[in-house]
Amino acid sequence: MKFFVDTADFDDIKELQETGLIDGVTTNPSLIAKSGREFLPLIKEICAIVDGPVSAEVAATDYETMLKEGRKLAKIADNVAVKVPLTPDGLKVCKALSDEGTMVNVTLCFSASQAILAAKAGAAFISPFVGRLDDLSQDGLQLIEDIVEIYDNYPEFTTEVLVASIRNPNHIVESAKMGAHVATIPPQVIRQLYKHPLTDKGLADFVADWQKTGQSILDAA
Ligand code: E4P
């Protein structure tokens, strides 16, 4: 499973990139607004330090303007994935940009029928929003299971399932069991993935017991 960082905070991206565990980045207009940074230079900086896809979302909602914005975003770097909303115009833009060789991430997916349309439009990624469905007491993970099953039925669908709106480690583990290709994860949830109280306790015990031996691995002959 690939891990993308779901943030526009450059410092967080840089720190997490250095773990060697990060395969890409996703941003959206809300995350850009939160960063307080200018959009295009920020995307350029992120693309320079991340090897994998960096999603940058169009701001317009009509076909002509989204297409122009998407082409401009795609020129920033080879690893830009243009993000478009799951609307009729958004999917037309997806098809046009995909035909031009640009990676497209179709966002705001809340149903399996929408995911089928995105695959048919040639999307590189479909972003189903698990957490926002859970927030409405619907089953976000069931949507992931449905999309993975449907895409698996059709080898001509090359769209990767990018699990979005992740709120906790369980969303990632369950999506991985279902075979989702990518999880885009907020930095604080990535940090939660490492955590287990028995790891902390076990390590404290090992460190204390090792100190009792009085030995040093580096000083040993
Ligand atoms: C990522 O591409 C999505 O925009 C993001 O995961 C949405 O997350 P949220 O529901 O926490 O805003």
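# Figure legends: close-up views of the predicted model

Residues 24 or more positions apart account for 56% of the contacts (heavy atoms within 4.5 Å) with a separation of 6 or more in the chain. The model is predicted, and local features need pLDDT of at least 70, side-chain atom pairs count only at pLDDT 80 or more, and totals for chains, interfaces and linings use all residues. Residues are numbered from 1 along each chain as its sequence is written, and side-chain values use heavy atoms, with hydrogens and water left out.

View 1. Asp-6, Thr-26, Asn-28, Lys-83, Phe-129, Arg-132, Ala-164, Ser-165 and Arg-167 are the residues around the ligand, each with a heavy atom within 4 Å of it. A polar side-chain atom lies 2.7 Å from an oxygen atom of the ligand in the case of Asn-28, 2.5 Å in the case of Lys-83 and 2.7 Å in the case of Arg-132. The ligand taken alone exposes 350 Å², of which the protein buries 84%; accessible areas come from the Shrake-Rupley method with a 1.4 Å probe, and for residues only the protein chains shown count as cover.

**View 2. The salt bridge between Glu-57 and Lys-83.** The closest N and O atoms of the salt bridge between Glu-57 and Lys-83 are 3.8 Å apart; a salt bridge is a side-chain nitrogen of Lys or Arg within 4 Å of a carboxyl oxygen of Asp or Glu. Glu-57 belongs to strand 3 (residues 54-57) and Lys-83 to strand 4 (residues 80-85), and the pair links distant parts of the chain, 26 residues apart. Strands (E, at least two residues) and helices (H or I, at least four) are DSSP runs, numbered from the N terminus. Both Glu-57 and Lys-83 are buried, where buried means under 20% relative accessible area, exposed over 50% and partly exposed in between (1.4 Å probe, protein chains only).

**View 3. The salt bridge between Lys-2 and Glu-160.** In this pair the closest N and O atoms are 2.8 Å apart. Lys-2 is partly exposed, at a relative accessible area of 30%.

**View 4. A nonpolar surface patch.** Leu-203, Phe-206 and Val-207 form this patch, with about 330 Å² of accessible area together. Patches are made of residues with over 30% relative accessible area and no salt bridge, with like charges joined within 9 Å and nonpolar side chains (Val, Leu, Ile, Met, Phe, Trp, Tyr) within 5 Å. Phe-206 is found in helix 11 (residues 197-213) and is exposed, with a relative accessible area of 62%.

Notes
A polar contact is a pair of N or O atoms within 3.5 Å; within protein, one must be able to donate a hydrogen and the other to accept it, and residues adjacent in sequence count only if both atoms are side-chain atoms.
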